[in-house]
Amino acid sequence: MTDGVHGNDLGSDYAGPVRQMLDIGRTGLDEPWRDYPAEFGVGRQHIDALIRMACDTDLYHGDPDSSEAWAPVHAWRALGQLRAEAAVEQLLALLNKLLEDEMSAMELPVVFGMIGPAAIPPIATYLSNGKNPESPAGTAIAGLNAIAARHADCRGECIGVLARVLERHADINRTTNGWAVSALIDLHAVEATDTIRDAFRRNAVDISIAGDIEDVEVELGLRKRRATPRPRYVILPEGWSPQAVADRVRPDPRVQPRRAPIGRNDPCPCGSGKKYKKCCLH
């Protein structure tokens, strides 16, 4: 990005309060969100412009040292605070454009949670398409968890969507199914036990995410301990190399990929300090 969007054609799209998002600048995952409606005067009448900004990949992929590059992040946070249900489908589509992007993967589930029950049907439709990439699908699933956490009366509906993901026999994505099982564990969805067991029987679940069926049953409180030795879960994929993850992990290149049991909530072996499920596993 050159001198920002103020001098180009995009300027006409971002007028009034929304235009202020271009000047806020850098923000971090660990920073509290600003109250955008109160501080900047954005309201429901600005939702369409905020959606355009949140999905503006030209801005998002601009110079990270410019304030404009951070405008989409501020825009999607504002959309969450405004409970902008009209934004959900386009934010889901955005996930497919921002593959392996930490900011969207961590924050858009929060946005979906803030939007609430209205976000469930579009997320369900998105997850019904088995051709969506694994990482965005995992983010959408995390959005269901966030909705259930904020709106307890929606728990059953969210569990139903996740169960339908596992019940699909066509276009099976074992990784996406692993995320669905992980989410069902987080929701303590004992009522989905039969569906979970059936998915494992069909070998339709990647066990490196939430473990095998015995791990899942232990976490759901259905058994006290494993009956068989734990399998060796693959932490890093075949063909892993330091160069493949150089932007996020810089391990000693002399160290071979580690293969040992690890839970989805354990610290990531890359040393980032994050949980495994939120780092290299994602």
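Tyr-36 and Phe-40 are 4 residues apart in helix H3 (residues 36–40), so about one helical turn separates them. In this predicted model, the two residues are both buried.

The count of aromatic pairs comes to 2. In the pair formed by Tyr-36 and Phe-40, the ring centres lie 5.9 Å apart and the planes meet at 25°, so the arrangement is classed as stacked. For Tyr-60 and Trp-76, the ring centres are 5.9 Å apart with the planes at 35°, and the pair is therefore tilted. This pair links distant parts of the chain, with Tyr-60 placed in helix H5 (residues 57–60) and Trp-76 in helix H6, 16 residues apart. Both Tyr-60 and Trp-76 are buried.

Helix H6 (residues 71–81) also contains His-74. The relative accessible area of His-74 is 1%, and a residue under 20% is classed as buried; His-74 is therefore buried. A polar contact of 2.7 Å joins the side chain of His-74 to the side chain of Tyr-36. When neighbours within four places in sequence are left aside, the residues in contact with His-74 are Met-21, Ile-24, Gly-25, Thr-27 and Tyr-36.

With a relative accessible area of 72%, Pro-229 is exposed, whereas His-74 is buried. The C-alpha atom of Pro-229 is separated by 9.8 Å from that of Glu-214, the two residues being 15 residues apart along the chain.

How values were computed
Residues numbered from 1 in each chain as written. Predicted model: local features only at pLDDT ≥ 70, side-chain atom pairs only at ≥ 80, totals over all residues. Heavy atoms only, no water. Helix = DSSP H or I, 4+ residues; strand = E, 2+ residues; numbered from the N terminus. Buried < 20%, exposed > 50% of the residue type's maximum accessible area, 1.4 Å probe, protein only. Polar contact = N/O pair within 3.5 Å; in protein donor to acceptor, adjacent residues only side chain to side chain. Contact = heavy atoms within 4.5 Å. Phe/Tyr/Trp six-rings, centres within 6.5 Å; stacked < 30°, edge-to-face > 60°.
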